[in-house]
Each structure stands twice: as C-alpha cells, then as structure tokens.
Amino acid sequence: MTQSLSGQRPARRGVADGHRGLPWVVVGAGPYGLSVAAHLRAAGVSVQVLGEVMGSWRHAMATGMFLKSTPDAVDLSAPEPGGRLAEFRRLHGEPELTELTPIPCEVFVRYGQWFQKQYVGDVDPVRVVGVDHAEDLSGLSVRLEDGRNIAAAAVVVATGLNGLAHVPAALQHLAPEGIGPGALLSHTSHHSDLSCFAGQRVAVVGGGQSALESAALMHEAGARVQVLVRERKVRWGSVPQPGRPTLRRLARPASPLGPGWTLAAVCGAPGAVRRLPAAARMLLFRRALGPSGGWWLRDRVEGVVPVRTACRVVRAEAAGTEARLELAGPGGEPETLTVDHVLAATGYRLDLATLPFLRPAVLRDVECVPGSNAPRLSSRFESSVPGLYFTGSLAAPTFGPMLRFVAGTRFAATRIAHDALARAIRT
C-alpha cells in the first residue's frame, strides 16, 4: 500500500458511510480519483482508492514531456486551503511556475503523490478486474486482480483515458497480433521513453500536442521523424500575455482552457452545459478545442521536424520489418512512405465498452448520452446504475470540455462528495 504521512489531515467523524456501512470505492488514483477521494474522506465517508497513484502520468507520458495547461489550471481539488500546485512548490523550496513556465510532467507527478499523502491516505495499487451488481442487488461488487471482492455502497470510475486509446482502422493492419512498442504500430500512450527510436525512421500520425511533442522528443533522441497531419495547417497555442489590458480581457476573457467567451462560459458553468440538448453538448465536446500544439513547443518543431499537412494515410501494410504507408496529399496525389515504425498520436475515443472491468450486466444498464458511448450522468455525476459514478473525460459529454482536463476536478469532487452525504442521510 501507499502510506500516508503523519501530517495528513484528519477526516471528519460521525458521518454515515452509506448503506450498511459499506465504503465508497474510487477506481483510479489520478487527479480526479485523488480529488474525489480527498473530498469524500474530509466529509467522513468511508472510502477505498484503488489504482497506482498518478499511474497514467507516470507510464503513458514519455520522459521529457510537459503539460499543455498553465499552472493555474492544474490544481487538484483539496477540501481545504493548502493543496494547490503553487503551495506544493513553495513547501519544497521550488520556484514559482508562471503562465510562461511550461510544467514538466514529472513535477505534476510529484505534486499528485504529495497530494495523496496529505489529503487521501492509503491507496491500494491493485488492479480492478470487475465491477458488477451485488448478488442481493443492494449495491455494487468490486472484484480485484488478487481475488478479493469488495462490497461497495458506490463506485466512482476515475480511470482517466486508460483503455480509451484510439487507432484508426487504416493503420491497424500493421499490427494484426496487437498494437504496442514491439510492433510496427504503437499509440503514444504505450510509451514512457521515446529514446528507443534513436536511428529509426518513424511516421507520427496526428496533429495535436501529443503528436508534435512526441515527434520533437524522438528527433532530439536521434530518430528520423515525419509528422503526418490531416488538417491543412498545424495550430499552435498563443503565447500567454500576463497583465493583459482590460479591453483585451473583456474581448477574450481568460479560462482554464484558454481565452475566449465560449471557453469561459463552459468552464464557468459546467452544470448549465448539462442542461443543453444532447446534440448541442456533443457538438461542443467535439469542436470547443481542436488539436493544437503548445506555444512553447513551436520552436522545437517548425523548421526542425518535417511536417506534412493535408496528408491522409489511405492504406498501411507491413512489408517484412518495415511499415509501408500509402498517402494522399493535398491534391489527392498518391505517395508511398516506408518507415520502421508508425506512432499513432490519434487521441482517445470515449467508449464504455472498452473499459474491461465493467461487467456485461452493469454495462447493459448504463444509459449513454445520445450520439456517444459515454454515460449519461445526473447533476451529481451518477449514472443510470444507482451508485455508479463517472468522472474525468467520460463525464465531458455531459458537463462539457472542462472535464477533459484537471481544471474540472473541483466541480466533480464537490458534487460527488455532496451526493455521498445526501445518500448517507437517506440511509
């Protein structure tokens, strides 16, 4: 187990834990899982957290990567003052991070580990292999990889993007036996170290932050990289302007996701987003934030790494130990590109069916947002299965794009904790 520090905040006492004293189980120990657990614990709710602390950030992010978000948008949600990234840095004698300071992923990982010790306590790193209805239908049952079963009053799924990696069908023929680092085709989430591609020819498919930063890291490690971007141009974030004049702030107000009235609105009122028609929410989910690269990355890519825009992979096939890609350029003219490896930086797809631990009986009972395979949620993040909650990216089709980022942790954690207390009172 991951042990808590002696200075950890005490939880409130005397609050009911749910029906018949069963615990709330949080599946996932990343930013959302830790934030929800911290609020539940502070409210006196019995909680068990399952998963490796900051596991995805440690294993699905390559060494040398930075966060795209600014420091004021990456705070985990503590139930009391003192848990912000800036305060963690101050306590450890580290310099303040500003809008003009990209945040190394390793700093964010250390911050999450510190947050766990301060506000959450014990975390069991065991893997969850099943979430099912309890035999007496009074709650939920959680089965663990080591054979244990936990009877839960409620389960909060906070697994982030684990298991949701998307690879286009046109590329999958490259790895009929399975996609991964040892195959001709892998996804960016498979790698914690991209230096293994030194000396190899690599095609990176995608035009967002993950594609561009992975390409920069591989190039700097000695790989021969080309980036294949479907759009006609690469979009880059604008350089932050601290102390913007009042008129500029009014014209394009700041938000955790960037400047602009649309982003400010969806970040300021995710509860109101939920009340929009499903079609409007899905349109907002898909278009509010398109693929782009961080402003600080631009000098490491433009004029340094070859980037082909308006370029589509029409067909991909294995040719011995090489991957052969048939490309269509801006005018539709065909071209063949042969490489040693293809790295899919093609994002993630929200699909409940890809979560291996949701048992079929539960999965059948989860209603989805029309037009998606993501769960339809109540105002308190509860799905149509009583006691089963979802947060993070899987909640974004209900509450808007802020839930795809760390910035949504406070909204989610406070609402779920409030519902836990309401359930305790009802029972």
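## Close-up views of a predicted model

**View 1. Surroundings of Thr159.** Leaving aside residues up to four places away in sequence, Thr159 touches Val27, Leu355 and Phe357 (contact meaning heavy atoms within 4.5 Å). Thr159 sits in the loop between β8 (154-157) and α5; helices (H or I, at least four residues) and strands (E, at least two) are DSSP runs, numbered from the N terminus. With a relative accessible area of 12%, Thr159 is buried (buried is under 20% relative accessible area, exposed over 50%, partly exposed in between, with a 1.4 Å probe and protein chains only). The model is predicted, local features need pLDDT of at least 70, side-chain atom pairs count only at pLDDT 80 or more, and totals for chains, interfaces and linings use all residues. Residues are numbered from 1 along each chain as its sequence is written, and side-chain values use heavy atoms, with hydrogens and water left out.

**View 2. Packing of helix α1 against helix α14.** Helix α1 (residues 31-42) packs on helix α14 (residues 409-426) at an angle of about 40°, and their axes are 8 Å apart (axes are lines fitted to C-alpha atoms, for helices over the stretch in contact, and angles run from 0 to 180 degrees between N-to-C directions). The two helices are therefore oblique to each other (under 35 degrees counts as roughly parallel, over 145 as roughly antiparallel, 65 to 115 as roughly perpendicular and the rest as oblique). The crossing of α1 with α14 is right-handed (the near helix is turned clockwise from the far one by less than a right angle; anticlockwise is left-handed). On α1 the contact is made by Pro31, Tyr32, Ser35, Val36, His39 and Leu40, and on α14 by Thr409, Arg410, Ala412, Ala413, Thr414, Ile416, Ala417 and Ala420. Of the residues in the contact of α1 with α14, nine are nonpolar, four polar and one charged (Ala, Val, Leu, Ile, Met, Phe, Trp, Tyr, Cys and Pro count as nonpolar, Asp, Glu, Lys and Arg as charged, and the others, Gly among them, as polar).

**View 3. Packing of helix α1 against helix α4.** The axes of α1 and α4 cross at roughly 20° and come within 10 Å. This angle makes α1 roughly parallel to α4. The crossing of α1 and α4 is left-handed. Pro31, Leu34, Ser35, Ala37, Ala38 and Arg41 of α1 meet Phe108, Gly112, Phe115, Gln116, Tyr119 and Val120 of α4 in this contact. By class, the residues between α1 and α4 are eight nonpolar, three polar and one charged.

**View 4. Salt bridges around Arg110.** A network of salt bridges links Arg89, Glu94, Glu106 and Arg110 (a salt bridge is a side-chain nitrogen of Lys or Arg within 4 Å of a carboxyl oxygen of Asp or Glu). The side chains of Arg110 and Glu94 pair at 3.0 Å, N to O. Arg110 belongs to helix α4 (residues 105-120) and Glu94 to the loop between α3 (85-91) and β4 (103-104), so the pair ties together parts that are 16 residues apart in sequence. Arg110 also forms a salt bridge with Glu106, with the closest N and O atoms 3.4 Å apart. Glu106 and Arg110 are four residues apart in helix α4, and therefore separated by about one helical turn. Both are partly exposed, Arg110 with a relative accessible area of 28% and Glu106 at 47%.

**View 5. The salt bridge of Arg300 with Glu220.** The structure holds 17 salt bridges, and in this one the side chains of Arg300 and Glu220 meet at 2.9 Å, N to O. Arg300 lies in helix α11 (residues 298-301) and Glu220 in helix α6 (residues 209-220), so the pair joins parts that are 80 residues apart in sequence. Glu220 is partly exposed, with a relative accessible area of 47%.

**View 6. Positive phi at Met54 and Ala310.** Most residues other than glycine have a negative phi. Phi of Met54 is near 55°, a positive value, and phi of Ala310 is near 50°, also positive. Met54 is in the loop between β2 (47-50) and α2 (55-59) and is buried at 0% relative accessibility. Ala310 is in the loop between β12 (307-308) and β13 (312-319) and counts as buried at 14%.

**View 7. The loop at His173.** His173 is found in the loop between α5 (169-172) and β9 (185-187). His173 is exposed, with a relative accessible area of 59%. From His173 to Leu185 there are twelve residues in sequence and 9.0 Å in space, C-alpha to C-alpha.
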